[in-house]
Amino acid sequence: MNVLLLVFCFVASVQWAPSEAVPFVIPWYGRWIVPTVGEVWPKPQQQTSSETFFVLRPTMFQFQVVGERCDIIDEAVRRYYQIIFYPGEAGRSPLSYPPPPTPIQEHPQFRAFLDAVEIDLKQPCEYLPSADMLESYNIKIDTPDNPLKATITSDSVWGILRGMETLSQLVYSSAATGVAYQMNATEITDFPRFSYRGFMMDTARHYMPLKTIKKMTDLLAQNKMNVLHWHLTDDASFPYESTLFPNISRYGSFQPFSHIYTANDVREVIEYARLRGIRVIPEFDSPDHTQSWGLGQPRLLTECYDDNGILKVPDEYGAIMPTREENYVFLQQFFGEIFNTFPDPYVHMGGDEVSYYCWQRHPEIKAFMAANGWGEDYTKLEQYYFDRLTAATQEITQNQMRYIVWQELLDLNITLPTGTVVEVWKGDYEGLSFNEELARVTKYGYQTILASPWYLNYISYGLDWEKYYLAEPLDFDGSEAQKNLVIGGEATMWSEYVDSVSVIPRTWPRACTVAERLWSDRSVNDTALAALRLEEHRCRLLRRGFMVDPSNGVNFCEQEWDM
Amino acid sequence: MTMKSISLLFLLLNISLGWAEPDIQKANLRFPFDLPKGNGAWIRPTVGQIWPKPQLEQPTDNFMVLRPNDFHFQITGHTCDILEEAIHRYYNLIFFPPRGSGTSKRFQKLSNKYSMTWEKNENFRGYLDTVILNVMQPCEKLPSLNMDEHYEIKIDTTDRPREGIILGQSVWGILRGLESFSQLVYSSQNGIAFQINSTMIMDFPRFPHRGLLLDSSRHFLPLPVIKDNLDLMAQNKLNVFHWHITDDPAFPYESRKFPSLSQLGSFNPYSHVYSPSDVEDVIQYARMRGIRVIPEFDTPGHTQSWGPGSPGLLTPCYKKDGTKDNFFGPINPVPAKNYKFLREFFAEIFQVFPDAYVHLGGDEVDFSCWASNPEIKSFMKQQGWEQDFARLEQFYMQRLINVTQDVTKGEMRYLVWQEVIDNNVVLPTNTVIHVWKDGNNFHDELARVTKFGYRTVLSSPWYLNYINYGVDWDRYYLAEPLSFNGTESQKRLVIGGEACMWGEFIDAVSVTSITWPRASAVAERLWSSASTNDPRLAAPRLEEHRCRLLRRGFNVNPINGVSYCDIEW
């Protein structure tokens, strides 16, 4: 009611307090929300908890690897010991509460000291995370069949990683008992709802230093996301240093020494992500969004003519020139390199927002169109480009390469190789509904991932995480089989207006809500309940040394960011 | 895609290309500059330009080179701790910015390679090894509303060839001059790490009150964050830190006389409070940078957090049936003991904060609780005010001013939010009215306030806490405080403005990056001449300034869309 009036008051108010706009009641004074203690984010599929607790002692504690082991486990054990006992980059000490009045052993809910957690991996490790990786795990802490013991069990190393993250979140500092590391008896059976839970990072509009990418990867792992979609290049710049074609980044990056990713940088990111169970999927968007490719790869882009057939000033180009044979040779070699550099079989080919303006005016293309009898149907030409591109890349990768593309390719009725994943990004703000698009894409039988409701780069004043949290990927009209084709989703952070200064606080904890939507059960959708856990999770991430913004308005964490 | 689409949009907006069908949604994004075609950053930064823009500048293409090992500042006039500290600070800012030392090293290496090639450059005028600092009057200890901030800089001018001098009547002017000087020094693409062009600058602020409000009540801001913002203020020539230290959610100010206020009213009485020494630390840090600290203790509303530590201060609210409902309203204006408390409290504030001005708040007083309270009802009746609670507010403010004048021997000066005057409270004529309502439609209020003869400070168009997608600094930049209808003498009553960063949705993590460099736009509006108002010309300078602040170690956001700095965060 009276939206206008409301908005007006809102703008004119020193204090922001329309309580109906937040999923909780704003109190008269003090913090708006009291966080939970020792709750897990994203919420596990099944958890039974108890009031009895264990106390962890940093000097006594150890992870005991009782099953299979490999480098991923060894690294994780070290990492999680630090996360639990010495969070934060600065090695901040744990909270110091006044010591308990009586020895903790006399506390009625005290169960025992927990000096070991067993890591029980049932199957040999896989080396690389993949689209098919298994991520389910069990945690038993002092259950009837596992009394006085704590065990993480999984059939896959990826499940063990997810379980260790959960375990680290179960440990809390208790203001009630004064114990720094305390954990309740509990049993958890957990697995993801969707297999593809991604985050897209754009390093073309602003360059993101390696350190930022690694922090982002840590945060993905701590929210059980498993895909880093690396939007590496775009019109603005080309920071990927290609081994075969070094000229592209030499001329197409913002700065060819400081603002590029070398082969070694890329390896480092991939390895960092692998150890955390995260796939790295690079995107080399073509045929459009390629302005930055042109400087270092002459004749790749379409020279642009005006309506009178006059060549526009020499620096105006359109999308990749689809009728030049040499371009497919280049693309074949280039994507061959990409396939060797990035171990995941999936590569994101882009394909969005192709402008036909320069194509329509280029004499060579016009002749080509006429020769093929395509009239003015330039989608045919785009289809031709993608047919050639997929043929070339399939050939050089011995049919190993798999594709993700933006939805336009499907919208333009371009036929895609089977096994291609279509990423749905339009809708909502364009007045279209992503539900219709999901129904359409899955009807064609393609697997799909959803990004439309999760464009986190669009910022707004006030609380906005609820809309990300409540976006439901399976609300569209479609058969069971269609719904099974929705393999997940992605939060995206396009970087026109954000760089490494703020990309982390702008992304987190807003992306946490996407993570829970994609991991937890569909029924976990009560924002009032989520707010309390999200509040704890935000303070947890802050304590671990990550610059994450406040999530629920007026509040505080025990340890604030103090640089 | 999103703003992949935006990059397409530039192309769309670009009529020369005229591609595809325009997209209404995205066409809402507006840019204060033309978007480039092809690849690369949207804005090319200037080199060695000053932000905010000086009043008068005569730059040339001649240049001098600074050598870190030979360079020094020479004090020829008066001196004091403020100047000594500033010399140390600016030497480091120029030669060893915290994160930028990498650049210097890189350029130094290059310069060895090109060994002195600049000496053959026809514009090379020599090495600038000495910059004279001449403070003509003895230093003042404290910055004040009346401080003199004029300064002049001469680098290799005709009357002083190959010399550098910064002069000013007051030490505050020299501080501003040092900041300008530090911004004139740049790393050139020719491999010279520290280069400065010959120039002459005469500069002074357009308005004397140029502030930033930070809110440490909605979220606690640790000292390092406050200090970072003070540095950034000095580097944008802002001179008032308006410290909105308390509000409904929390009372983090640790009072010596009334420690229970923060003991019971802060988020945490040990880790989330400002101790007396913290406050002193902030004041000194600000003083060294020529920045006044004006605390705000907002009353009678916005005081929920005062309640737990000060029983009886707030008005108990009553339900319709006449029973107490356990909520409290604004300060109870009836009991005499509340004024006794306020008198002592503000006496302490006046001692702790050296500036003559204290912000008394007075905004958004909710009358409904007052109206429900039987004690207040009978008081109103007794006064014959019926339901006119504005008179009760007036009564409160009047008493508050009386007791604080009394206890400070008439020395305390006030800032109040505009409601106080909107509700016709009579204020001492030297009170400053803070106009904050109505966003960009603040003109009527400025006209009204100044017609009453009060001085005024403007914040309405500069609520930086309201964030927007896209480039938004130009709207702050273009807000003109003197565009209202009024006489010359009315306009003279506008003493400046403040950018506000309310803390509901922001804490130490992002307060700096969200505030800056958006507040830089406000800083230029308040310092530079009214005619400095072309965002197209400002954008390249702002771009340079953003990278400069980043290089100096501050986490300030990108401001003009797609871009890069030599040294990233």
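## The A–B interface

A:R538 and B:D507 form a salt bridge, with their closest N and O atoms 2.7 Å apart; the term covers a side-chain nitrogen of Lys or Arg within 4 Å of a carboxyl oxygen of Asp or Glu. By that rule, two salt bridges turn up across the interface of chain A and chain B. Polar contacts there come to 22 residue pairs, both partners at pLDDT 80 or more. A polar contact is a pair of N or O atoms within 3.5 Å; within protein, one must be able to donate a hydrogen and the other to accept it, and residues adjacent in sequence count only if both atoms are side-chain atoms.

On the side of chain A that touches chain B, α1 (3-12), α8 (357-361) and α17 (527-543) are among the elements that each supply at least two residues. Of these elements, α1(A) gives the most, with four residues. Helices (H or I, at least four residues) and strands (E, at least two) are DSSP runs, numbered from the N terminus.

Overall, 83 residues of chain A are in contact (heavy atoms within 4.5 Å) with 79 residues of chain B. The two chains bury about 6,600 Å² between them, and 61% of that is on carbon and sulfur atoms. Buried area here is the accessible area (1.4 Å probe) that two parts lose on being put together, summed over both.

## About the model

This is a predicted model: local features need pLDDT of at least 70, side-chain atom pairs count only at pLDDT 80 or more, and totals for chains, interfaces and linings use all residues. Residues are numbered from 1 along each chain as its sequence is written, chains are lettered from A and ligands numbered from 1 in the order written, and side-chain values use heavy atoms, with hydrogens and water left out.

## Ser305 of chain B

B:S305 sits in the loop between β12 (292-299) and β13 (314-318) of chain B. B:S305 is buried, at 0% relative accessible area; buried means under 20%, exposed over 50%, partly exposed in between (1.4 Å probe, protein chains only). Its side chain reaches the backbone oxygen of B:A250 at 3.4 Å. Leaving aside neighbours within four places in sequence, the contacts of B:S305 include A:Y29, B:D247 and B:F251.

## Strand β9 of chain A

Strand β9(A) (residues 227-231) has five of its five residues buried. A:V227, A:H229 and A:H231 lie on one side, A:L228 and A:W230 on the other.

β9(A) pairs in the parallel sense with β8(A) (residues 196-202) over five bridges, and likewise with β10(A) (residues 279-286) over five bridges; pairing takes at least two DSSP bridges. A:H229 is the bridge partner of A:M200, while A:H231 partners A:E283 in β10(A).
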